[in-house]
Amino acid sequence: MAVRPRTVVKAIGATTAAILCLVSLTGCATAQSGVQVASMHCTGRESNAQYDWPWYNSLDELEEASDVVVYVIITGCTAPDGAGDDADTAGYDTAIDAVVLGGVSAGDADRADRVDPPHADETIVIRGYTAEGSGAGKLTVGERYVFFLDSGDSGDSGDGESGGYYEMTPALSVFPVTDRTANEPSGSRNADGSFALTDSLAARLGIGDGKG
């Protein structure tokens, strides 16, 4: 689609019982679905790139254009690899590390190019956006979101470079998930505010089934 400066936040395995207090951050880490992270804003490298994003008029249109839809908890963010000092040439401005809580193949079950979603508890890297110019909303490490994604080369994030997942149109493709979302999916809207999660998609992703 430089050596990445790593954030001080790392995903901690589900078997780790203790909750870490990170001296360099305010407050202590919180645990959700066995993933322990510190709460902080998710930022990559500021980018002045101008994007010509396709626009979708409904959640159904966005899903049809995507390969997979995932429900994740964000565990960290870094600037993109492979772009040197020029983040604009990477094609994305933030590498988003996330643990999958649920996922579904997007679109109709009979589509010829159907892509299997990542498995629950799998760690993936999403090539995404946090720069203001991208139209993306704010992301917070330690919080849960639904992402609509393109599968890239292989649909397997690996190290986030050779394959991986790519965020769809940023203003449309990310939906925050809170404790209230399970009971009221329509309360979760994308950054543009143009449409909301539906009851059926929330159910397919397992939101409200004790996942996170």
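This is a predicted model: local features need pLDDT of at least 70, side-chain atom pairs count only at pLDDT 80 or more; totals for chains, interfaces and linings use all residues.
I started with the largest pocket, and its volume comes out at about 190 Å³. I found 13 residues lining it, and the closest to its centre are Cys42, Thr43, Thr130, Ala131 and Lys138. Sorted by class, the lining has four nonpolar, five polar and four charged residues.

**Disulfide**

Which residue does a disulfide join to Cys42? I get Cys77, with 1.6 Å from S to S. The structure holds one disulfide. Cys42 sits in strand E3 (residues 40-42) and Cys77 in strand E4 (residues 68-78), so the pair ties together parts that are 35 residues apart in sequence. I also checked the handedness: the torsion about the S-S bond is about -60°, so this disulfide is left-handed. Are Cys42 and Cys77 buried or exposed? I have both down as buried.

**Arg144**

Last, I went to Arg144, which is in strand E8 (residues 144-150). Its relative accessible area is 8%, and the cut-off for buried is under 20%, so I log Arg144 as buried. Then I looked for side-chain partners. Arg144 makes a polar contact of 3.3 Å with the side chain of Tyr71. Another polar contact, of 3.0 Å, links the side chains of Arg144 and Asp179.

Methods. Residues are numbered from 1 along each chain as its sequence is written. Side-chain values use heavy atoms; hydrogens and water are left out. A disulfide is a pair of cysteine sulfur atoms within 2.5 Å. Helices (H or I, at least four residues) and strands (E, at least two) are DSSP runs, numbered from the N terminus. Buried means under 20% relative accessible area, exposed over 50%, partly exposed in between (1.4 Å probe, protein chains only). On a 1 Å grid over the protein atoms alone, a cavity is a set of points where a 1.4 Å probe fits but cannot get out, and a pocket is an open set with protein on both sides within 12 Å along at least five of seven lines; lining residues have an atom within 4 Å of a point. Grid points are joined across faces, edges and corners, and a volume is the space filled by probe spheres set on the points. Ala, Val, Leu, Ile, Met, Phe, Trp, Tyr, Cys and Pro count as nonpolar, Asp, Glu, Lys and Arg as charged, and the others, Gly among them, as polar. A polar contact is a pair of N or O atoms within 3.5 Å; within protein, one must be able to donate a hydrogen and the other to accept it, and residues adjacent in sequence count only if both atoms are side-chain atoms.
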